[in-house]
Amino acid sequence: MSDQMITSDMLVGEIITKHPLAAQFLMECGMGCIHCPASQMESLSEACAVHGIDGDEITDALNDYLAEHNA
């Protein structure tokens, strides 16, 4: 895994570029449009808010997911 943990203020596009497995995880969490142009400029917390999802929970779960998959 990268030595940099995901934070809720990181841009969705940046997260997916650094950790391609994050795309599948976020889609499974209900963010089906993560590849749309707007998502590339949204932070993870902003994207979660748009979808009514707790950003802190998703951030923690995503870091756990990436750690489990050595991504």
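Predicted model: local features only at pLDDT ≥ 70, side-chain atom pairs only at ≥ 80, totals over all residues.
How many helices and how many strands does the secondary structure of this protein come to? It comes to five helices and zero strands, where helices (H or I, at least four residues) and strands (E, at least two) are DSSP runs numbered from the N terminus. Residues are numbered from 1 along each chain as its sequence is written, and side-chain values use heavy atoms, with hydrogens and water left out.

Let me begin with the overall form. For 71 residues, a compact globule would have a radius of gyration near 11 Å, and the protein, at 11 Å, agrees with that; the radius is taken over C-alpha atoms, and the globule rule is 2.2 Å times the number of residues to the power 0.38. The C-alpha atoms fill a box of roughly 30 × 20 × 20 Å along the principal axes. Of the 71 residues, 37% are buried, where buried means under 20% relative accessible area and exposed means over 50%, with a 1.4 Å probe and protein chains only.

I turn now to helix α5, residues 55-68, which has 14 residues and reaches 20 Å from its first C-alpha to its last, close to the 20 Å expected at 1.5 Å a residue, that is, 1.5 Å times one less than its number of residues. Its buried residues are Gly 55, Ile 58, Thr 59, Leu 62, Asn 63, Tyr 65 and Leu 66. Seen down the helix axis, these buried residues fall within an arc of 160°, so they line one face of α5; the arc is that of the directions from the helix axis to the C-beta atoms. What covers them includes α1 (12-18), α2 (21-28) and α4, whereas the face turned away from the buried side carries the exposed residues Asp 56, Glu 57, Asp 60 and Glu 68.

At the start of α5, a side-chain oxygen of Asp 54 reaches to within 2.9 Å of the backbone nitrogen of Asp 56, and just after the helix, Asn 70 takes a positive phi of about 50°.

Finally, where does Ser 43 lie? Ser 43 is placed in the loop between α3 (37-40) and α4 (44-50), and it is buried, with a relative accessible area of 8%. Leaving aside residues up to four places away in sequence, Ser 43 touches Ser 8, Asp 9, Met 10, Leu 11 and Val 12, a contact meaning heavy atoms within 4.5 Å.

Notes:
Polar contact = N/O pair within 3.5 Å; in protein donor to acceptor, adjacent residues only side chain to side chain.
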